[in-house]
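We will walk from one stop to the next.

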Amino acid sequence: MSGAGLVSGDGFDSVPEAAGAGADSRATPRSTTAFEPYGVWSDLVGQDHVGAELVQAALGHGMTHAWLLTGPPGSGRSTAARVFAAALQCTTPGEPGCGHCLGCRTVLDGTHPDVLQLATDQLSIGVADTRQLVRRSSMTPSSGRWQVLLIEDADRLTEAAGNVLLKAVEEPSSRTVWILCAPGREDMLPTIRSRCRHLLLRTPPSGAVAEILVRRDGVDPIRAREAARAAQGHIGRAKRLATDDEARAKRTEVLALASSLTDIGSALAAAQKLVDATISEAKRTAEERDAHETADLRLALGFQEGSRKAVPGAAGALKDLESRQKKRATRMQRDALDLALVDLAAFYRDVLAVQLGALGGPGGDVTEPVHDDQYAAVRRIAANGTPEATLRRIEAVLACRKAVERNVAPLLAVEAMAVSLR
């Protein structure tokens with residue numbers, strides 16, 4: 001896991017020798033000025049500055065016990081954390097993160113005994129999960145060079161969980177490394193981020209995202225370019241848009257909202273339709289997973305088909321699972337709605353670019369459009385409005401995102417936005 005800021009490197013000037021390497025793994029440090037991705041680092045898209053620094057740390061130059069990797073959604077924070085963990089456990093001398101040794105492969109497969117990753121699909125990360133990591137952090141590595149603890153979405157730590165983590169980050173074991181991932185430094189407790197080294201990831205260029213879609217996923221180059229732009233650098237979203245017809249259709253429906261708002265009635269109807277669509281999407285995604293989880297737990301608790309009898313405490317365990325599933329569904333709905341709002345804000349960004357003469361069409365002269373396929377609608381709305389009105393619309397969309405994040409009822413937030421977009 002990671003943190004923000006720069007902490008003392010005491011005890012980290014030399015890296016534990018790679019298992020079976022028989023030589024100092026710092027023997028041939030790679031240059032930070034011309035980083036060429038290799039091995040596991042090839043999965044880190046458009047982040048050569050981060051890759052170069054993490055490689056040097058894995059080689060023993062500037063290594064520290066706690067890291068905070070921040071960046072916008074889709075920038076590859078979790079990917080960077082995983083490949084760094086692989087590099088720390090790599091057994092190839094002088095080339096941390098080679099991608100073919102046992103250490104690299106087991107970390108990427110999620111089976112390395114000295115790498116523990118915490119990722120949540122809930123609204124928050126609680127004390128119980130955090131304490132499990134803290135207990136693990138005090139153990140000596142069983143086979144690797146480091147005991148690596150990785151927390152995705154560390155910004156979701158509750159205040160109590162953050163205080164539990166703080167103690168471990170303040171007094172780390174000599175061979176323990178924490179890697180924390182969060183959208184920004186300000187999302188972490190000041191006491192935690194001040195004890196960690198911070199690396200900022202940037203939004204990957206659309207060209208780099210398109211290139212990996214073509215190379216890794218076999219996507220048609222034209223479709224890859226369009227998907228990369230529409231996803232605004234979000235690698236996972238770009239892949240879905242490039243390979244999933246349903247995802248592309250949903251995006252088109254969301255963007256059509258901008259052209260359908262003519263009066264109060266149409267605005268309220270569009271808001272209801274958008275919220276219903278996100279609820280339906282979240283429910284459809286969760287139902288199959290929930291059913292499998294419930295069936296597996298009932299089997300583990302000793303329930304037989306057609307029987308209500310099981311081990312003592314089974315009812316409580318099932319109730320706890322149901323509660324977690326409901327929280328996950330809430331988060332999935334919020335995430336789906338936020339994605340739609342991001343697309344809508346980018347649509348009005350294209351409108352503003354046309355109004356200011358900064359966008360001439362698909363492959364525009366000055367700035368690239370986000371939504372190539374919506375150029376006709378963008379031009380029509382741009383011609384019927386002013387830059388000032390478009391800015392107000394963008395502000396309305398961003399205000400809706402903030403309202404949903406602060407637990408305002410989604411329908412109320414979207415209705416207020418839709419009325420403002422008329």
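Start at Asp-220, where helix H8 begins: one of its side-chain oxygens comes within 3.1 Å of the backbone nitrogen of Ile-222. That is a polar contact (a pair of N or O atoms within 3.5 Å; within protein, one must be able to donate a hydrogen and the other to accept it, and residues adjacent in sequence count only if both atoms are side-chain atoms). Helices here are DSSP runs of H or I, at least four residues, and strands are runs of E, at least two, numbered from the N terminus.

A word on the source: this is a predicted model, in which local features need pLDDT of at least 70, side-chain atom pairs count only at pLDDT 80 or more, and totals for chains, interfaces and linings use all residues. Residues are numbered from 1 along each chain as its sequence is written, and side-chain values use heavy atoms, with hydrogens and water left out.

Now select H8, residues 221–230. Its buried residues (under 20% relative accessible area, 1.4 Å probe, protein chains only; exposed is over 50%, partly exposed in between) include Ala-224 and Arg-229. Just past the helix, Gln-232 has a positive phi of about 55°.

Next, pick Arg-225, Arg-229, Glu-368 and Asp-372, which join in a network of salt bridges. Each such bridge puts a side-chain nitrogen of Lys or Arg within 4 Å of a carboxyl oxygen of Asp or Glu.

Finally, show Arg-197 and Glu-53, a salt bridge at 2.3 Å, N to O. Arg-197 lies in strand E5 and Glu-53 in helix H1, 144 residues apart. Arg-197 is buried at 15%, while Glu-53 is partly exposed at 28%.
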